[in-house]
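Colleague: I've got a structure open and I'm new to this. Could you walk me through how to read it?

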Amino acid sequence: MTEVDKHGSRPQNLGAFEREPEKQDEEKPKQGMIARYCSLIFGGTKSLLTGMKVTIFTFLNPKSTVTQQYPENKDTLEMKERFRGQVIMPHNEDGEHNCTACTLCEKACPNGSINVLPTKNIAGKKILGKYIYRLDTCTICALCVEACPFDAIRMGQDFELATLNKDSLELVLNKKEGRWKS
Ligand code: SF4
Ligand code: SF4
């Protein structure tokens with residue numbers, strides 16, 4: 001209860017006992033906000049450093065960089081063994097193709113990107129006439145390569161396949177000379 005002097009008026013200078021609860025009520029939310037603010041800064045900094053961990057490590061260890069500086073390194077660039085480019089038909093040691101025109105790859109292709117056109121040799125034996133491959137519809141799934149029992153086709157390593165001429169994407173693979181390395 002507030003003290004009243006002998007003249008019946010309220011004292012001007014209130015005691016610390018009465019004002020303390022008001023001060024405490026004001027300071028509590030402030031302290032809470034500061035704590036939350038500090039917590040957010042700490043959490044944000046920790047999250048940033050976690051996200052930048054690889055970047056910082058790579059910056060401090062340049063030799064660990066795996067990014068290829070293409071096209072500057074075009075001449076020395078080596079693709080990984082598992083990379084799949086377009087289908088190619090390599091030559092064997094005798095300079096011949098292993099393909100026997102069995103058409104298993106054609107049957108395995110899910111979207112008709114391969115047409116095997118057989119022919120016959122002088123002895124009447126079936127041999128490969130034309131191996132037509134459509135790069136524009138090929139999805140690089142390699143099912144044809146897996147289906148081939150003679151290791152006659154493979155997925156190449158060439159990745160610069162863009163062209164302005166759609167017709168050039170229909171290829172005859174059984175050729176000694178051509179666009180694709182074999
Ligand atoms: S890689 Fe796939 S889509 Fe392309 S020719 Fe072979 S089977 Fe067909
Ligand atoms: S590439 Fe292989 S699967 Fe396809 S026709 Fe030739 S031998 Fe048969």
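Modeller: Let's go from the overall layout to the sheet and then to the ligands. Keep in mind that this is a predicted model.

Colleague: Which elements does the protein have, and in what order do they run?

Modeller: There are 4 helices and 5 strands in the protein. Starting at the N terminus, the order is α-α-β-α-β-β-α-β-β.

Colleague: How do strands of a sheet pair?

Modeller: Strands pair through backbone hydrogen bonds, and the pairing is either parallel or antiparallel. Here, an open sheet is built from 3 strands in the order 2-3-5, with antiparallel pairing. Strand 2 (114-120) and strand 5 (170-172) are at the edges with a single partner strand each, so each has one side without a neighbour in the sheet. On average, neighbouring strands are turned by 25° against each other, direction ignored.

Colleague: How many bridges join strand 2 to strand 3?

Modeller: 7 bridges join them, and strand 3 covers residues 126-134. As one example, Pro-118 has Leu-128 in strand 3 as its bridge partner.

Colleague: Now the ligands. Which residues come nearest to ligand 2?

Modeller: Out of 13 residues around ligand 2, the nearest are Cys-99, Cys-102, Leu-104, Cys-105 and Cys-148. That shell has 11 nonpolar residues, 2 polar and no charged.

Colleague: And which are closest to ligand 1?

Modeller: Ligand 1 is surrounded by 13 residues, the closest being Cys-109, Ser-113, Cys-138, Cys-141 and Cys-144. Its shell splits into 10 nonpolar, 3 polar and no charged.

Colleague: What share of the protein's residues count as buried?

Modeller: It's 12% of the 182 residues.

Notes:
Residues are numbered from 1 along each chain as its sequence is written. Chains are lettered from A and ligands numbered from 1 in the order in which they are written. This is a predicted model: local features need pLDDT of at least 70, side-chain atom pairs count only at pLDDT 80 or more; totals for chains, interfaces and linings use all residues. A residue is near a molecule or strand if its C-beta atom, placed from the backbone, lies within 6 Å of it. Ala, Val, Leu, Ile, Met, Phe, Trp, Tyr, Cys and Pro count as nonpolar, Asp, Glu, Lys and Arg as charged, and the others, Gly among them, as polar. Two strands pair if DSSP finds at least two bridges between them. Helices (H or I, at least four residues) and strands (E, at least two) are DSSP runs, numbered from the N terminus. Axes are lines fitted to C-alpha atoms, for helices over the stretch in contact, and angles run from 0 to 180 degrees between N-to-C directions. A residue is buried if 20 or more other C-beta atoms lie within 10 Å of its own, exposed if 12 or fewer, and partly exposed in between; C-beta atoms are placed from the backbone.
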